[in-house]
Amino acid sequence: MVYRLLFDSDHYRQLLWDRKQILKHVDENDVEHRVDIAGFPVSQKGVFRESLKVSFAPSFPGDEKLAVPDLTVHEGRLYLNAKAYEALGPVIAADGEFLDVVDENGQAGFLFIPMKLAETCNAIDWGLSVPSDWAGFKHLAFDEDKLGSWKVFRTEADGYHGLFCRQHVVDVIRAAGLTGVFVTNDLASIHPVHPQELANNHVN
């Protein structure tokens with residue numbers, strides 16, 4: 001089974017970047033390496049020579065009531081705190097690379113950049129997938145047999161914004177009680193109508 005992971009912005013604070021720090025390492029117009037604004041499946045190895053600063057500080061009124069997540073989906077990539085990395089890191093490591101980050105409390109974390117793309121193995125089922133009139137899809141389906149052993153992947157067809165995963169990833173997130181994400185089998189969905197919150201392991 002293939003699922004889409006979505007950030008639970010109703011209950012958790014969003015990840016914020018230190019733009020000034022990033023611009024010390026890359027040119028402002030180097031979009032492929034501007035990890036604060038773009039999520040291209042491009043290696044960042046050797047680009048950043050220090051852990052990048054992130055923050056979950058409240059940025060909008062009411063944010064102080066929200067919790068800090070274990071996981072965050074950001075531009076098709078996955079933030080993991082230490083707890084999430086311990087549980088999920090070994091499962092997804094072969095499908096991308098990790099970028100070291102540190103939060104405002106000095107706690108180490110990671111940004112996972114998925115490198116596997118459905119196009120490389122012709123895994124989009126175009127017989128079932130229906131592009132929308134705008135960006136993205138009305139319906140999106142993958143041929144799971146073509147995905148092989150991949151646990152996490154993306155597609156160029158939606159601008160790399162969607163973060164897709166297999167059943168084992170969902171099982172690990174549930175077993176570890178990791179917070180911050182929804183899972184849906186509506187792969188075209190950006191905001192699921194009836195989200196399944198992995199942290200509570202139930203369907204709303």
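What volume does the largest pocket have? The answer is about 770 Å³. Before we look inside, a word on what you are viewing: this is a predicted model, in which local features need pLDDT of at least 70, side-chain atom pairs count only at pLDDT 80 or more, and totals for chains, interfaces and linings use all residues. Residues are numbered from 1 along each chain as its sequence is written, and side-chain values use heavy atoms, with hydrogens and water left out.

Let us start with the pocket. Rolling a probe the size of a water molecule over the atoms shows where empty space is left. On a 1 Å grid over the protein atoms alone, a pocket is an open set of points where a 1.4 Å probe fits, with protein on both sides within 12 Å along at least five of seven lines, and lining residues have an atom within 4 Å of a point. Grid points are joined across faces, edges and corners, and the volume is the space filled by probe spheres set on the points. Here the largest pocket is lined by 36 residues, and L6, F7, V73, I190 and H191 lie nearest its centre. Strands β1 (2-7), β2 (16-17) and β4 (71-74) each supply at least two residues of this lining, with β1 giving the most, four residues. Strands and helices here are DSSP runs numbered from the N terminus (helices: H or I, at least four residues; strands: E, at least two).

Most residues other than glycine have a negative phi. E75, in the loop between β4 and β5 (77-81), has a phi near 55 degrees, a positive value. N122 also has a positive phi, near 55 degrees, and sits in the loop between β7 (108-114) and β8 (130-131). Both residues are partly exposed, E75 with a relative accessibility of 30% and N122 with 48%. The cut-offs are simple: buried means under 20% relative accessible area, exposed over 50%, and partly exposed in between, with a 1.4 Å probe and protein chains only.

Now move to the loop between α1 (19-25) and β3 (52-55), where V31 is found. V31, I37 and F40 form a nonpolar patch on the surface, with about 230 Å² of accessible area together. Such a patch is made of residues with over 30% relative accessible area and no salt bridge, its nonpolar side chains (Val, Leu, Ile, Met, Phe, Trp, Tyr) being joined within 5 Å. The areas come from the Shrake-Rupley method with a 1.4 Å probe, and for residues only the protein chains shown count as cover. V31 is partly exposed at 36%, and F40 is partly exposed at 33%.

F40 also takes us to the aromatic rings. Rings of Phe, Tyr and Trp (its six-membered ring) pair if their centres lie within 6.5 Å; planes under 30 degrees apart count as stacked, over 60 as edge-to-face and the rest as tilted. The whole structure holds 11 aromatic pairs. In one of them, F40 and Y160 have ring centres 6.1 Å apart and planes at 70 degrees, so the pair is edge-to-face. This pair links distant parts of the chain, with Y160 in the loop between β10 (152-153) and β11 (163-166), 120 residues from F40. Y160 is buried, at 14%. W150 and F153 make a tilted pair, 6.2 Å centre to centre with 45 degrees between the planes; W150 is buried at 13% and F153 is buried at 0%. Elsewhere, Y85, F98, F110 and F112 form one aromatic cluster.

Charged residues come last. Side chains of opposite charge can pair when their charged atoms come close. A salt bridge is a side-chain nitrogen of Lys or Arg within 4 Å of a carboxyl oxygen of Asp or Glu, and the whole structure has four. One of them joins E50 and K24, at 3.8 Å from N to O. E50 lies in the loop between α1 and β3 and K24 in helix α1, so this pair ties together parts 26 residues apart in sequence. E50 is partly exposed at 35%, while K24 is exposed at 60%. Another salt bridge joins D36 and R34 at 2.8 Å; D36 is buried at 13% and R34 is buried at 4%. R166 and E144 meet in a salt bridge at 3.0 Å.

Key:
Patches are made of residues with over 30% relative accessible area and no salt bridge: like charges are joined within 9 Å, nonpolar side chains (Val, Leu, Ile, Met, Phe, Trp, Tyr) within 5 Å.
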